[in-house]
Amino acid sequence: MWDSESESVGGRDYDNGVLSSSKPGLQTDGFEQRGKSWFVSTDIPSDLVVQIGDVSFHIHKYPLLSRSGKMNRVIYESPRDTDVNKVALDDLPGGPESFELAAKFCYGIAVDLTAANISGLRCAAEYLEMTEDLEEGNLIFKTEAFLSYVVLSSWRDSIVVLKSCETLSPWSENLQIVRRCSESIAWKACANPKGIRWQYTGKPPRSSSSPKWNEMKDSSPSRNTQVPPDWWFEDVTILRIDHFVRVITAIKVKGMRYELIGAVITHYAAKWLPGLIKEGVTPPLDEGNNVSNISSSSSWNGGLHMILSGNKDDLPAVQVKDQRMIVESLISIIPPQRDSVSCSFLLRLLRMANMLRVAPALVTELEKRVGMQLEQATLGDLLIPSYNKNETTYDVDLVQRLLEHFLVQEQSENSSPSRHSSSSDSKMYDGGSHRAAANNNNNPNAKMRVARLVDSYLTEVSRDRNLSLTKFQVLAEALPESARSCDDGLYRAVDSYLKAHPTLTEHERKRLCRVMDCQKLSIDACMHAAQNERLPLRVVVQVLFSEQVKISNALATGSLKEAGESQFHHQPIVASRKTLLEGTPQSFQEGWASAKKDINTLKFELESVKAKYLELQNDMETLQREFNKVSKPKQSSSSSSAWATGWKKLSKLTKMAENSDSGSHVANVEQNKKATRRWRNSIS
């Protein structure tokens, strides 16, 4: 991608790419191979055999001893009883290929240095101790000069050399080859690519044959072609994970914008962890950042493979270890800024981390990162399987922890709204703070979005028979009451849990229904709940009362408002009802539709009964008036006859009283007479 002006389009033409020893050696026509053995083409018989693995080199002692301090010690300082004519160098870095080049250099044969063999040859020269003390312009000096002045000035050669260092540990680390190549790549990636001639080197060629001049000319953009900011993604993602981490760390130090760093991490995961990113799905980057879309699928056949739907026990042990290393490394280099990577990517990485048993500290850190942007998650990404046996199908405890991190993050943002700094955005390309500003404007609605997400999650996991009532209740009550303006989603989750757990007692059903507020249910949800036989009777009564209050308030409010205002205020209700129906199962929608029909029928019958009642009341009043008119004469005649009868009775009673008074007086006189007589008789 990064070519200097002296480089040709078809390939690189090095001025000092051919090495030869300044001291003349034995006259030879070169090396020839016979099976797995190399022989020097000369008339002098060889007196030394160097064994490297299963490859042997039949050479002479003098050319090698004159330039290698290692071979001097092995031959001259070895015990006398050992065979000094055969030396084994199995630990030589670079293997037989690097030793062949070093041996040719000792014989004075021209050696063609390239980016593919320079790192192995440099490590082999260090192993053989081919220093300036033995000969001026020895192999260490010349390979080091080639690395510093040729390789590190080229983007393409730096990538190739760093890729070749994967088999040269720890020599390449000790010789600072990895560090220097990483810094060179970081400097070129962070530089402004305008006016730079570039081409992708990580992609394989179109055909096995050499490309033609016209094809290479067409594939390499001209100076006037605008270079996308992600031009370096394809090259750095071919590196092994430890070298990729070194490059990304160096790029961070140089001040690369965090959105680009997050994008290249996502691109690396898509290539080395197939299945982590959905096929054909690209992590979106804002157009304001001038970052082109990154294809998650790659034609590169290397890397690791895994099946997310399978179990960890189904994967080879070596593959699991490598994948665990990749996941742990990616977690450690994700930028700390919010929205550096998508929440969907973080959740998929968290799913894989749980399956591979990643270090708990890194998993906790990843959970905190998800909690920072949980409102961006989707239900599909949140349904993370539980890899513990005899547990629920989905990891409900994990979602509970994510909610806790989200609430802690929301509280910290409210206490310090200027916590996030955008100073790093101005170091690289402009326009990096657009997404952060947009997200800060939507913070008040974050809790509502998370509440809807939790309600959908509860509806999905409530079908699990192993989900306990306590876990359901704790997750439903994790968010504050202000996060939900409507409890329809929570009602769906409760009804789904009741349907999947028919053996709940009356007390447990009442306890379950406490998680929702009947006053926050919409009219449609109230209609459905009124006919729901799974709900406790007390809850149904509360729902009916709440529905009655809402209908009364709606009628009272509607009568006081004008038609235009009522239409304006009812628009959000219609939208919320449409959203409710879209997220409602088909069985619920059918139940609510039948409930609507029944309510309309009852309303019509009630209006008919009211009309009949008014008619009967009018007829009754008319009959009452007529009855009153007819009954007035009868009442007057009956009153006069009553007075006459009363006087007659009174006169009779008076006569009877007089007769009784006269009779009593006569009796008294007679008694007095008898008494006097009796007294007189007694005297005489």
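At 10% relative accessibility, Glu375 counts as buried, where buried means under 20% relative accessible area, exposed over 50% and partly exposed in between, computed with a 1.4 Å probe on protein chains only. The structure is a predicted model, in which local features need pLDDT of at least 70 and side-chain atom pairs count only at pLDDT 80 or more, while totals for chains, interfaces and linings use all residues. Residues are numbered from 1 along each chain as its sequence is written, and side-chain values use heavy atoms, with hydrogens and water left out.

**The chain as a whole**

- The chain has 26 helices and 7 strands, taken as DSSP runs numbered from the N terminus, with helices being H or I of at least four residues and strands E of at least two.
- Buried residues make up 43% of the 684 residues in the chain.
- Of the contacts between residues at least 6 apart in sequence, 74% join residues at least 24 apart, a contact being heavy atoms within 4.5 Å.

- Helix α15 (residues 360–372) packs against helix α17 (residues 396–415) at an angle of about 60 degrees, with the axes 8 Å apart; axes are lines fitted to C-alpha atoms, for helices over the stretch in contact, and angles run from 0 to 180 degrees between N-to-C directions.
- That angle makes α15 oblique to α17, since angles under 35 degrees count as roughly parallel, over 145 as roughly antiparallel, 65 to 115 as roughly perpendicular and the rest as oblique.
- α15 passes α17 in a right-handed crossing, a crossing being right-handed if the near helix is turned clockwise from the far one by less than a right angle, and left-handed if anticlockwise.
- On the α15 side the contact involves Glu367, Lys368, Val370, Gly371 and Met372, which meet Leu398, Arg401, Leu402, His405, Phe406 and Gln409 in α17.
- By class, this contact of α15 with α17 has 5 nonpolar, 3 polar and 3 charged residues, with Ala, Val, Leu, Ile, Met, Phe, Trp, Tyr, Cys and Pro counted as nonpolar, Asp, Glu, Lys and Arg as charged, and the others, Gly among them, as polar.
- Glu375 is found in the loop between α15 and α16 (379–382), and, not counting residues up to four places away in sequence, Glu375 touches Arg338, Phe406, Ala446, Arg449 and Val450.

**Other helix pairs**

- Helix α19 (residues 446–461) and helix α20 (residues 469–476) pack at an angle of about 165 degrees, with their axes 10 Å apart, which makes α19 roughly antiparallel to α20.
- α19 passes α20 in a left-handed crossing, and Val454, Tyr457 and Leu458 in α19 meet Phe472, Leu475 and Ala476 in α20.
- The contact of α19 with α20 has, by class, 6 nonpolar, no polar and no charged residues.
- The axes of α5 and α6 come within 9 Å and cross at roughly 135 degrees, and the two helices are therefore oblique to each other.
- Leu147, Val150 and Val151 in α5 meet Asp157, Ser158 and Val161 in α6, a contact with 4 nonpolar, 1 polar and 1 charged residues by class.

**A histidine in α11**

- His243 lies in helix α11 (residues 241–254) and is buried, with a relative accessible area of 1%.
- Leaving aside neighbours within four places in sequence, His243 is in contact with Leu162, Cys165, Glu166, Glu173 and Val178.

**Backbone geometry in loops**

- Most residues other than glycine have a negative phi, and most peptide bonds are trans.
- The peptide bond from Ser169 to Pro170 is cis, with omega near 0 degrees, and Pro170 lies in the loop between α6 (155–164) and α7 (171–174).
- Glu129, in the loop between α4 (118–128) and α5 (139–151), has a positive phi near 60 degrees and counts as partly exposed at 26% relative accessibility.
- Asp339, in the loop between α13 (317–333) and α14 (343–355), has a positive phi near 70 degrees and counts as buried at 7% relative accessibility.
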